[in-house]
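Here's a quick, friendly tour of a model with some helix packing and a chain-to-chain contact in it. Take a look at it first, then read on.

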Amino acid sequence: MAGVRRLERGADGRLLAGVARGLAGHLGVDVLVVRLAFVLASIAGGLGVAAYGAFWVLVPREERPPARLDAREWGQLAAYAAMTVLLSAVSWGAGIVQAALWPFIVGGVGVAILWQQADREQRQRWVLPLRQMWLRSLFGLLLVIGGIAGFIARQLDGGEARFVVLASLIILTGVSVILTPWVVRLWQDLDAERQERVRSQERAELAAHIHDSVLHTLTLIQRNAADPREVQRLARSQERTLRTWLYQPRADPDLTFAAAIREAAGEVEDLHGVAIEIVVVGDTALDDALSATVQAAREAMVNAAKYSGVAPVSVYAEVEPDAVHVFVRDRGKGFAMDDVPSDRMGVRQSIIGRMERNGGSATVRTAPGEGTEVRLESRRA
Amino acid sequence: MNRVVLVDDHQMFRTGVKAELGPSIEIVGEAGDVDEAVTVIKAAKPDVVLLDVHLPGGGGIEVLRRLHGTVPSRFLALSVSDAAEDVIGVVRGGARGYVTKTISGPELTDAVARVADGDAVFSPRLAGFVLDAFAASDVPAVDPELDQITQRERDVLRLIARGYAYKEIAKELFISVKTVETHVSSVLRKLQLSNRHELSRWAAARRLV
């Protein structure tokens with residue numbers, strides 16, 4: 001799970017203690033956004049400073065030495081500090097009416113930056129649930145505001161009321177600032193535990209698979225150490241199984257042409273202990289004619305494995321819009337077609353005959369010493 | 001004499017390759033992970049780097065990214081992996097070819113020489129992937145020069161996928177070996193540079209890029 005990083009104070013590129021860097025990494029937003037948020041929060045009653053302190057104390061330091069030693073950029077730090085001081089001077093001087101505006105300014109700037117950073121898809125994701133829920137949210141918000149306003153209007157006159165609202169907002173923010181790291185950490189621990197459980201499940205499945213297949217094969221290889229052919233056969237067969245398990249989507253050999261011809265090649269490899277390099281381009285559903293093509297190709301592979309005397313056998317199958325082609329080729333000793341006794345069923349019946357009965361064709365190209373290539377073609381309706 | 005750096009995290013495999021490579025190749029460095037590879041290659045400036053696709057520290061593609069444009073070396077990817085995204089990824093990252101680790105010593109020696117000469121090396125499997133990726137479709141190409149492979153290039157790729165050596169392909173198509181090499185290099189260039197819609201969709205379907 002590379003998605004969400006644990007909340008840790010960053011070691012690289014930090015200005016002060018790495019709090020903003022760490023938060024940015026964790027939330028997946030630009031570090032600039034986090035820093036601006038801290039600056040603005042600092043101006044609005046010094047909350048940013050408090051929050052920064054809390055994070056500093058509560059969030060663990062990233063356990064990794066910094067990659068760059070020149071890390072701190074003093075110029076940037078000075079810029080942030082200057083911004084904080086200047087802006088707070090403005091708000092101090094302007095008095096309490098403007099101070100009440102600050103939370104809105106903070107919120108507005110934050111939302112604007114986030115919005116600008118998010119891509120289209122993300123925006124959609126934010127807006128959709130909002131659209132569905134806005135009535136309820138609006139209603140709830142109105143109730144809360146109405147309640148507070150009503151309470152205050154009864155008890156106090158206007159000037160004091162504003163002060164109380166501001167004070168309670170500050171208290172609320174303060175409480176959440178204090179509690180947030182704790183809640184976040186609790187949540188993270190839960191998350192980590194869940195991930196660990198998933199991982200151990202995966203490990204168990206992998207262990208089971210390796211036990212059933214790989215360890216089994218290794219034992220067989222040790223027993224057959226004296227027989228290189230058998231060892232090679234076992235190793236190839238295991239390699240193929242493992243590859244299929246790791247890389248290929250589960251496909252039913254009864255359903256698609258590519259899966260079927262791969263399976264046929266695997267069987268021949270197992271039976272005859274000859275490496276078969278198979279490349280398949282495209283795929284399609286298996287029908288009767290294509291099943292026959294796979295059978296014919298299998299027969300050609302068997303012949304190549306048995307008689308060529310040279311490994312590997314190359315198989316190339318391509319599914320095109322109007323036809324399916326299969327080439328089975330070896331660089332072995334080849335033969336003269338005329339020398340094949342007419343009672344030998346292999347090439348004539350199993351390959352050529354079978355293809356022709358199913359509306360296809362087969363050609364064999366061979367000569368003594370030149371290797372053999374069988375070309376199968378099946379037209380598609 | 002081609003100077004070669006060997007990058008693979010399996011010591012045993014490196015030893016095996018060293019023993020198998022012919023006398024025309026001089027091993028001038030070895031590395032077992034990305035950082036080491038970058039250092040060794042920068043120092044040795046070899047003609048050819050034999051680069052494992054799977055490496056600790058980000059894989060072969062990370063080595064290519066970090067060395068991009070800094071050394072004159074050419075890269076040949078080497079892998080046991082069947083996964084199309086790994087293979088196409090490393091080729092699009094700048095490798096001039098891809099061979100599987102089951103390749104024989106003489107064939108590998110040959111492939112190194114080819115890459116050193118600036119040609120491309122396609123294994124049957126890579127040829128299959130490329131044919132798949134550039135499969136004919138009705139989608140109009142954005143840049144016809146880059147986004148489509150010619151009929152001749154397709155013929156050459158098909159023969160490679162069928163297990164033909166360059167010499168055999170030349171004979172089959174009545175062209176010279178040099179012409180075969182030109183076609184393959186041209187396909188490599190398209191594979192690396194094309195932003196063809198189909199290619200990116202194909203890559204995305206295999207969680208690439």
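## Two crossing helices

In chain B, helix α8 (residues 151-161) packs against helix α10 (residues 177-193) at an angle of about 100°, and their axes are 10 Å apart. That's why α8(B) and α10(B) are roughly perpendicular to each other (65 to 115 degrees counts as that). Axes here are lines fitted to C-alpha atoms over the stretch in contact, with angles from 0 to 180 degrees between N-to-C directions. Helices are DSSP runs of H or I with at least four residues, strands are E runs of at least two, and both are numbered from the N terminus.

Here's who makes the contact (C-beta atoms, placed from the backbone, within 7 Å):

| α8(B) | B:Arg152, B:Glu153, B:Val156, B:Leu157 |
| α10(B) | B:Val180, B:His183, B:Val184, B:Ser186, B:Val187 |

By class, that's five nonpolar, two polar and two charged residues. Ala, Val, Leu, Ile, Met, Phe, Trp, Tyr, Cys and Pro count as nonpolar, Asp, Glu, Lys and Arg as charged, and the others, Gly among them, as polar.

This is a predicted model: local features need pLDDT of at least 70, side-chain atom pairs need 80 or more, and totals for chains, interfaces and linings use all residues. Residues are numbered from 1 along each chain as its sequence is written, with chains lettered from A and ligands numbered from 1 in written order.

## Chain A and its partner

Chain A has eleven helices and five strands. Eleven of its residues are in contact with eleven residues of chain B. On the chain A side, β1(A) gives the largest share, four residues.

How values were computed. Parallel < 35°, antiparallel > 145°, perpendicular 65-115°, else oblique. Contact = placed C-beta atoms within 7 Å.
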